[in-house]
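Look at the model below and ask what links one part of the chain to another. The paragraphs after it go through those links one at a time.

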Amino acid sequence: MQEKKPFDGKELICINVDKVYDWIVKENSFDISPTGALAFPGVTPTTSLTGATVTCDVVPAASNPIVILHREDRPFSIDGTNVCLQQLNIQKNFVVTVILTFPNGTMLTSADIPVSRCEQVTLCAPVGTDVEVTYTNLDCFVCTTGTLIAGDGTITFSALTISVATCQSIQSTFPVTVEFLADFCEPRADIVSGCAAPIRPQQCSVVFPDAGGNCCS
């Protein structure tokens, strides 16, 4: 096979990349209301909860943060053109923790609270494509707590409600090999560190040795 020659310093290059079939950004929020006692290591029945501020933290689950439960072809008419898209049932798994901060700065954190929520999205995501969900924003706040009762390693909230807000970037992708004409990168010039010039400290001659100068000149 004949070798492909450079074109004005450029060369045809083949690389492996992920082709984006479809991409949407979607906001979603939901509330959770854990019931029963929450495990709080370090808490005893004599722990005073007076003045404690209750906050929360939420992160994607370490294992299977996103699960595609179902993928179904659906016909749509977009701008007069009939297209086949996919309706996806997506399960998103999170871990929520509740944090108590006391007036003296002491903090107590609950054991992990696993949370799952499902939603439907419509994408061009035929069988074989991967669906990736990236959270551009993931936050939570405690809406209500009710009365707090300390137990042996637990705290019971009579009316705990936590609101979770998400901003999601959802993409369907598939690995492909592409060819394009490109320049080769060149290294940048090194940054050479030279010796600094001697620095004269600021003076306050209004104080010493005479009173005729400006302070810190």
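**Links across the chain**

This is a predicted model. Begin with the cysteines. A disulfide is a covalent bond between the sulfur atoms of two cysteines. One disulfide turns up in a search of the whole structure, and its partners are Cys-56 and Cys-140, with 2.3 Å from S to S. Cys-56 belongs to strand S3 (residues 53–60) and Cys-140 to strand S8 (residues 130–144), so the bond ties together parts that are 84 residues apart in sequence. Both Cys-56 and Cys-140 are buried.

Cys-14 has a relative accessible area of 54% and counts as exposed because that is over 50%. Cys-167, at 18%, is buried because its value is under 20%.

Next come the salt bridges, of which the structure holds three. In the bridge between Lys-92 and Glu-119, the N to O distance is 2.4 Å. Lys-92 sits in strand S5 (residues 81–101) and Glu-119 in strand S7, 27 residues apart. For Lys-26 and Glu-119, the closest N and O atoms are 3.2 Å apart. Lys-26 is in strand S1 (residues 10–32), so its pairing with Glu-119 ties together parts that are 93 residues apart in sequence.

Another salt bridge joins Glu-72 to Arg-74, at 3.3 Å from N to O. Glu-72 is partly exposed at 32% relative accessibility, and Arg-74 is partly exposed at 30%.

Note on methods. Residues numbered from 1 in each chain as written. Predicted model: local features only at pLDDT ≥ 70, side-chain atom pairs only at ≥ 80, totals over all residues. Heavy atoms only, no water. Disulfide = S-S within 2.5 Å. Helix = DSSP H or I, 4+ residues; strand = E, 2+ residues; numbered from the N terminus. Buried < 20%, exposed > 50% of the residue type's maximum accessible area, 1.4 Å probe, protein only. Salt bridge = Lys/Arg side-chain N within 4 Å of Asp/Glu carboxyl O.
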